[in-house]
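Please open the structure in a viewer and keep the selection tool at hand.

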Number of protein chains: 4
Amino acid sequence: MYYFTTFVPMAHNSFGNRLVLTTFGESHGSAIGGVLEGCPAGMLLDLEAIQDELNRRKPGQSKIVTQRKELDKVQFLSGIFEGKTTGTPIGFLITNSNQKSKDYEHLKEVYRPSHADFTYQKKYGHRDYRGGGRSSARETANWVVGGAIAKQIISFIEIHAFTSSVGDVYIDKPYQELDFSKTENNSVRCPDTHSAKKMISLIETIKKEGDTIGGTVTCAVTNVPIGLGEPVFNKLQAQLAKAMFSINAVKGFEYGAGFCAPKMRGSEHNDLFNTDGSTQTNLSGGIQGGISNGMDIYFRVAFKPVATLMQTQQTINTNAELVKIKGKGRHDPCVVPRAVPVVEAMTALVLADFWLMHRNQST
Amino acid sequence: MYYFTTFVPMAHNSFGNRLVLTTFGESHGSAIGGVLEGCPAGMLLDLEAIQDELNRRKPGQSKIVTQRKELDKVQFLSGIFEGKTTGTPIGFLITNSNQKSKDYEHLKEVYRPSHADFTYQKKYGHRDYRGGGRSSARETANWVVGGAIAKQIISFIEIHAFTSSVGDVYIDKPYQELDFSKTENNSVRCPDTHSAKKMISLIETIKKEGDTIGGTVTCAVTNVPIGLGEPVFNKLQAQLAKAMFSINAVKGFEYGAGFCAPKMRGSEHNDLFNTDGSTQTNLSGGIQGGISNGMDIYFRVAFKPVATLMQTQQTINTNAELVKIKGKGRHDPCVVPRAVPVVEAMTALVLADFWLMHRNQST
Amino acid sequence: MYYFTTFVPMAHNSFGNRLVLTTFGESHGSAIGGVLEGCPAGMLLDLEAIQDELNRRKPGQSKIVTQRKELDKVQFLSGIFEGKTTGTPIGFLITNSNQKSKDYEHLKEVYRPSHADFTYQKKYGHRDYRGGGRSSARETANWVVGGAIAKQIISFIEIHAFTSSVGDVYIDKPYQELDFSKTENNSVRCPDTHSAKKMISLIETIKKEGDTIGGTVTCAVTNVPIGLGEPVFNKLQAQLAKAMFSINAVKGFEYGAGFCAPKMRGSEHNDLFNTDGSTQTNLSGGIQGGISNGMDIYFRVAFKPVATLMQTQQTINTNAELVKIKGKGRHDPCVVPRAVPVVEAMTALVLADFWLMHRNQST
Amino acid sequence: MYYFTTFVPMAHNSFGNRLVLTTFGESHGSAIGGVLEGCPAGMLLDLEAIQDELNRRKPGQSKIVTQRKELDKVQFLSGIFEGKTTGTPIGFLITNSNQKSKDYEHLKEVYRPSHADFTYQKKYGHRDYRGGGRSSARETANWVVGGAIAKQIISFIEIHAFTSSVGDVYIDKPYQELDFSKTENNSVRCPDTHSAKKMISLIETIKKEGDTIGGTVTCAVTNVPIGLGEPVFNKLQAQLAKAMFSINAVKGFEYGAGFCAPKMRGSEHNDLFNTDGSTQTNLSGGIQGGISNGMDIYFRVAFKPVATLMQTQQTINTNAELVKIKGKGRHDPCVVPRAVPVVEAMTALVLADFWLMHRNQST
C-alpha cells in the first residue's frame, strides 16, 4: 500500500536488565553519550573517579597507543542532585573534540580488510566512512562511563583487569601472585614489571614496522557475593561472555579452567568444599550453575591484532576493484592496553546488574 | 506495610529477540516444555526431523552416555494447523517418563562438588534436590526442540557441530577436511573415524574408573547470508557466546582465530578480500564488526568434565559437615557427545533470530 | 540473496514485567496454555481457587451466556512441588474439549462484520477461520489462570469487579454502597439485586431477538499498598488501561473521576489530605503521578455488544462479494457477565507485577 | 552479607518496541533529553518541523497558558548526517533555561493535593521538590521531539488532535465536519471557532478566580494503513491507551463508540462492509481485533483540572501537620491546549512503532 524507500535502523543499543545503559553517538559526530537507568538513589557519586576511568581509555595517553587527542570529558545532565544520585536516569555526553574526518576521506569508497566497512555497508546499504560511525571503538567510551558508575554501585567488589599477554610475551604467574597496584604503573597495564617491559618493547618494534599485534586481558574479580546470576538463560558466565564479545576485536573468552577443562578428568577438576562453603581449589572460576559461589571470578579475553596497518595492503573498493590502501589516521599498534578499562567497565556493568537483582532478592 | 515471607522467583527463562523461546519444567516434574514465539507462518514443519534432534540428545542412546531411559517424545499443542505453522506461538511439551527421584534422595542434604546445589540453595533459600530442577541439563531438551524448528526456518544455512576433542584426543585436521556426513556414524559424534575410535576408547576407560572427562565441540556454519548481527550490543559473536555459555558445563568459547589471534600480527591476521567480497583467508571466522560477512562461521566450545563421579568424593552437607558421597544415578562419563545437538540447537536459535531481523531489513 | 516465501509471525504474546504471562493456543487447537514466570517461591497455591476463577469465565454456566460446553480444566506442569510454588516458571494447559469447528465452516470465506476476520487476513495473509484462532476470547481463559495466581500473590489486596450496566440498565449507587458478596449470587454478576434482575431480563429479551447488547464492568480495588506504579512510562493507570484494552470488545476505560473530570474545576477535583496521608475525597481513584496512594483504585470498562448476531446480516466474502450470514455457533448475547472475572484477572496481573517490583524496593 | 543503604531507582523510562524513546532529565536540572532508537535511515529530517511541535507545547505561548518562559530549543547530537537520518540512535537534548527553583522552595516540606509529591516520597523515600523532577509534565517535551520524528516516519498518516471540550463547553459536531486547518488559529487549539471563543473565555474566567478547569482532547487519525497492531497483548487500542494514560492528568480514554457502545445493540453497533473492505459506519473507530482496518482511528482523552491552584488550599506537610498553601509558580489554568501536541506526539510514536513492525511484515 505504502512503499518505504528508506533504510533500516540499527537495533540493540542498550545493555543490561536492571542497570540499563543505552548509548548513542558516532565517532565523528558532535558528541557521543548515553542514559544509565537503574542506578540506585542516594549514592554520593565520585565524578573524578569516573573521569579517571575515561582517562585510562582515552587516546594519546602514552607512546604505545594512538596519538589521536580527545579530551574525553564526560558531562552529566540529569539524575544527580547535590552530588548524589536521585535514582532517575543519568544522562551524559562526551563531546567529540578531535574528529579528523579528513584522515578517513580516502576510505570513502574502500572496504578495509578485517574491518566492519564491508558488512555494515552490505547490511544497511550505506555507512559512515568517517572512522566507523557506531562500529568504532569510540563507542566504548560510553561504556566506560556506565561501568565507572557501576563500579561505585558495587564498590565492595574489586575488579582487576590487566594485560596478561601481548603477542607471545605473557605473564608466567597465576593472578594470585600479582600485585594489582602496579597495573597502572606502566603504559601497557601489566602488573608484572618484567613482562611489562618486554610487552612495551614488542609493541614499539611492531609499531615501527607499521604492523599491529594482539594480546589477552585477564580479569580477576574478588570479594564477590554469593548468588549473582540466573540458572537458565542469564547465567553469570553467559552475560559476562556477551559483555566481552561486545568489545571490538575480541575473539575468545574463557573462565575458570577454560580451555584447559576439556583435557581434565572430573576427579581433577571438581572443586572440593571447605566446611565454610568456600572451595579448596577454584577451577570453576567462582561460578557454579550460572551463579557466583563467593570465590574469585577470573577470566581471560583474547584480542586480535588491530586491523588498520601503517603498511600498504591490497583490498577492494565499492566497485569491486582491487586497490591498495595504507593506514593514515592515528591508530593503536596494540589495542590491549586501552582495552583493560573497557573490560573492567563491562564486567562492572554485568556484576552491578546482577547485584541489583540479587539484593532485591534478599528481602 | 506488608511483610512478604515467600522466596524470590527465578528470572530469565526466555532466549531470543524475534524468535523467542520461553521454557518451563523441572527434571523431575511431570513435564518440561516451552513456547516458541516468532516462527514464520506457512512453513511445512518436519515433525520427524524435530524428534530426530531430540533423539540425538536423549539419554540411553549408546554405551558411552548415561543409561537413563527417557522417551523424550515432543508433543505440539498450538501454532501448527494442517501440518503448517500458523505464525502463532508454538506450545510444546515433553513428558518426563523416567524420573528416578530415589536416585537423588541421598543428596537431599548434601552439596555435590562443582554442581549448582550450593549456589542455588544460597541464592534462592531452597532447591529441588531431585536432579537439579531447572539447573538440570534436562532443560536443554527444550532448547533442542526450539533449535530444530529454528533449523527449518534457516534451512538454507548448514550447521555442523561435532566432537573435536575428548580429553587429550583431538582431531588434527581443519574442519574443511572433514566429512560431516560421518558425524552421526559413531557414538561420540566425531566425523573423523580414526579419532572417534580413540575418543570412545578413552571414554570407556574413564567410565570404568568411575571418572569423567571433558572435551570440545567445534561448530562450522556454512552458507551464511551476509548481514546477520548488530554492530553494538548484539554482535553476532556476542549472542553466539551467550548461547554457548548458557549450556551447562561450558568453560570457553572462541571463534575464528580465537585464542591464537592474540599471538598474531595484523599483517598475518587480516583477511584480504577477493573482488567478489569473499576473503582469501577466514581468520575472522565469518564475522566482521558483529555482522556476518558470508564466509563460514566456525567456533569452538570447551566443556568441563561432568561433576558427578562414580567415585567416593568428600563434600559438605547443609549443616556444614564434611561427608562422603558417591554418584548413584545414571550419569554421563563425558557430556560432549550429547552436547553436540545442543550446540547446534543454540546456534540455530541465534542465527534464525538474526535472520528474522535481517530479512525484515531487506525490504 | 535468499527469498523467503512464508508469512510473518504474530508478536507480543507476553504480558508483564516481573510477573510475566506468556500464552499460546488457538480456540480450536488441541489445547491453550501458558507459562507464568516470576511467581514467588514458597507460596502454598490454592489450586481449587484457580479452577473456581476459570469456572466463572467458562461457557455454559447460565442461561444468559453462550451454551458452548468447555470443561476448562487447568493442568499444571511445573513450578509447583508438594503444593508450593518453587519460584520457577509455572507451565499450564487447558485442553480444548468442545471445538465444534463445523459451526465455523460456513465462515471460511466470509468476513464477519466488526470481527477480527478482515484485519487478521489482511495483516497476516491467512487466518484461522475456526472461531478466530488467537483472536478468540478463548485466550482469556489463560489470563484467568495467570490472574488467579496473581490474586494469591497479592492476597491482601481485594479486587471486586462487577457488572455495573447492561444496555441502559445501570446500578445507580456508588460502589461503596454495594455488597460485593452478592456479585456471584446472580448470573449477570451484578451485586445490586434489583438491577441484576432488570439486566438479566434485558439480556433474555435481546437474546430472543437474536441480537446482542453491550455493558460496563466496574472494578473497585481496596486495601492497596502505597507505591505501586512508576512515574514516567509505566504509570499504574497506563498499565491498567493497557490490560483492559487487551480484553476483546473493550471500547473505553476511565478511572477515578474519569470522563467527569474534564467538566470539573481544580478546586472541586483536588483530593484534600487527612493528616494520616489518606484523602477526604477520592476523585483521583487511588493513583497520583502514576503511583498508588493507598486509597481505593476504581475504574470503569466499556464493552461493546457482541458482534455475532443470530440475525441475518449483510457482509462480504473473500472475493469482495456481498453475502448474507447468520450466526450459527453458540454465542453470548452479552459478554459482560463472563468478562467480570477477566477484568479481575488482568487487574490482578498488573497489581501483582507492580507489587513484586515494589516489595523489592522496600529493602 | 552486604548492606545497601541507598534508595531504589526509577524504572521504565523507555517507550516503544521498534521505535524506542528513552528519556532522561528533571524539570529543574540542567537539561532534559533522550535517545530515539529505530528511526529508519536515509530520511531527510525536517528539523524545523520538530522545533515547531516543541513550540506548540512550550510554556508562555499565549495568555491562557503558564507564563513560564522556556526556550525549549532541541539540539541533536547523533544519528543525523548531512541532514539525513543514519538509522543509528538519535540523541537529543533540551536545555532547561528558566528554572525558577525558588518558586518551589516553599513546597519542600509540603505535599500538594492531587499531585505526585506524596506518592513519590512514599515510594522512593525522597523526592525532587523543585517542580516535580521526573514527575513533571516537562518530561513531555522529550515525547514531543520523539513524536515529531515519528510523524515524519509515517508522513502519509495524518494525525489531528484538538481541544474538543473545556469544562462544559464542547464542540457539538462530529470531527468529520471540522476544518483541522483552523486548529492552530486560536490559543485553545479548537478548530471550531465559535466553541474556541467560548473555551478561551471560560479559561480566562477560571484563571481570574485562581482556579483551573479540565477538558478533553479528541484525536482523529486518517489515511491509516490496514494492519497496524497485534491481536493479543499489543492491540493497537491497548498501546494507544497506554500512551495516553502516560500523559499527566489523563483520567479517561475511549475510541470509536467508546462509552456509548455499552448502551448499543450489536445490530446497531456492527459496521457493515462495503465491497472494497471499507465499512459503511465506523463505530469500531478504525480498529478490529486489535488491528487497524484502514478506516479513521478516532479517540477521546479526558484531562482533569490542573491541581495547582492560585487559591489557598489546606494540605499536609511531611510532619503530617495541616498547613495552608497557595500556588506561587506560573501554572496553566487549563492543561488541554498544551496537551494537544503531546497527544499527537504519543499517537505518532505508537503508530510509527507499529508501522515499522508492519512494513517489515509486508515482504
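Begin with Ser62(A), which sits in the loop between helix 1 (47–57) and strand 4 (74–76) of chain A. The model is a predicted one. Is Ser62(A) buried or exposed? Its relative accessibility is 15%, so Ser62(A) counts as buried, the cut-off being under 20%. Display its surroundings next: leaving aside residues up to four places away in sequence, Ser62(A) touches Gln67(A) and Ser187(A).

Now move to chain D and select Thr85(D), a residue of strand 6 (residues 84–85). With a relative accessibility of 4%, Thr85(D) also counts as buried. Which residues does Thr85(D) touch, not counting residues up to four places away in sequence? Among them are Cys39(D), Pro40(D), Ala41(D), Gly42(D) and Met43(D). The list also includes Leu45(D), Gly79(D), Ile80(D) and Ile90(D).

The next two stops concern the backbone. Most residues other than glycine have a negative phi. Select Arg189(B), where phi is positive, at about 60°, although the residue is not a glycine. Arg189(B) belongs to the loop between strand 10 (169–170) and helix 5 (193–208) of chain B, and it is buried, with a relative accessible area of 4%.

Then go to Ala320(C), another residue that is not glycine and has a positive phi, here near 65°. Ala320(C) is located in the loop between strand 16 (312–317) and strand 17 (322–326) of chain C. At 38% relative accessibility, Ala320(C) counts as partly exposed.

Finally, show chains D and A together. Contact involves 49 residues of chain D and 49 residues of chain A. The area buried between the two chains is about 4,000 Å², and carbon and sulfur atoms give 65% of that area. To see where chain D takes part, colour strand 2 (20–24), strand 3 (31–37), strand 7 (90–95) and helix 8 (336–361) of chain D, the elements that each give two or more residues to the side touching chain A. That side of chain D comprises 27 nonpolar, 17 polar and 5 charged residues.

How many salt bridges are counted between chain D and chain A? The count is 0. Polar contacts across this interface number 14 residue pairs, with both residues at pLDDT 80 or more.

How values were computed. Residues numbered from 1 in each chain as written. Chains lettered and ligands numbered in written order. Predicted model: local features only at pLDDT ≥ 70, side-chain atom pairs only at ≥ 80, totals over all residues. Heavy atoms only, no water. Contact = heavy atoms within 4.5 Å. Buried area = accessible area lost by both parts, 1.4 Å probe. Salt bridge = Lys/Arg side-chain N within 4 Å of Asp/Glu carboxyl O. Polar contact = N/O pair within 3.5 Å; in protein donor to acceptor, adjacent residues only side chain to side chain. Helix = DSSP H or I, 4+ residues; strand = E, 2+ residues; numbered from the N terminus. Nonpolar A, V, L, I, M, F, W, Y, C, P; charged D, E, K, R; others polar. Buried < 20%, exposed > 50% of the residue type's maximum accessible area, 1.4 Å probe, protein only.
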